[in-house]
Amino acid sequence: MDGVSIAFDKNQTTYDVTFLNSIETTSVTYKLSNDKAKVVTTPANLTNISLTAGQKVDVSITVTAEDPNYSKIYNISLY
């Protein structure tokens, strides 16, 4: 995320990330531990996310395991 990285814990599903006021856009990237997992994100495109000082942008990443009975939603709030 534009030079900001967060320590990821698969058991933690909520993250808050605060940027300097000079950042106007950011991107969210992720790496799957299993290449058979499926991902759905909101917004659908995680590149060039617009940021406005004083406002929050919410991002969600839903990961579904190879077995579709197992999924987890990770929520990231960008400030």
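**View 1. The largest pocket of the predicted model.** In this predicted model, the largest pocket has a volume of about 650 Å³. Its lining is formed by 24 residues, and those closest to the centre of the pocket are Phe8, Lys31, Leu32, Val63 and Tyr74.

**View 2. Elements that line the largest pocket.** Two or more residues of the lining come from each of the strands β5 (57–64) and β6 (71–78). Strand β6 gives the most to the lining of this pocket, namely four residues.

**View 3. Residue classes in the lining of the largest pocket.** Sorted by class, the lining consists of 15 nonpolar, six polar and three charged residues.

**View 4. The setting of Thr41.** Thr41 belongs to strand β3, which covers residues 38–42. The relative accessible area of Thr41 is 13%; because this value is under 20%, Thr41 is classed as buried. Leaving aside residues up to four places away in sequence, Thr41 is in contact with Tyr30, Leu46, Ser60 and Ile61.

**View 5. Polar contacts of the Thr41 side chain.** Two backbone oxygens are shown with the side chain of Thr41. The backbone oxygen of Pro43 is reached by the Thr41 side chain at 2.9 Å. The backbone oxygen of Ala44 lies 3.1 Å from a polar atom of that side chain.

Key
Residues are numbered from 1 along each chain as its sequence is written. This is a predicted model: local features need pLDDT of at least 70, side-chain atom pairs count only at pLDDT 80 or more; totals for chains, interfaces and linings use all residues. Side-chain values use heavy atoms; hydrogens and water are left out. On a 1 Å grid over the protein atoms alone, a cavity is a set of points where a 1.4 Å probe fits but cannot get out, and a pocket is an open set with protein on both sides within 12 Å along at least five of seven lines; lining residues have an atom within 4 Å of a point. Grid points are joined across faces, edges and corners, and a volume is the space filled by probe spheres set on the points. Ala, Val, Leu, Ile, Met, Phe, Trp, Tyr, Cys and Pro count as nonpolar, Asp, Glu, Lys and Arg as charged, and the others, Gly among them, as polar. Buried means under 20% relative accessible area, exposed over 50%, partly exposed in between (1.4 Å probe, protein chains only). A polar contact is a pair of N or O atoms within 3.5 Å; within protein, one must be able to donate a hydrogen and the other to accept it, and residues adjacent in sequence count only if both atoms are side-chain atoms. Contact means heavy atoms within 4.5 Å.
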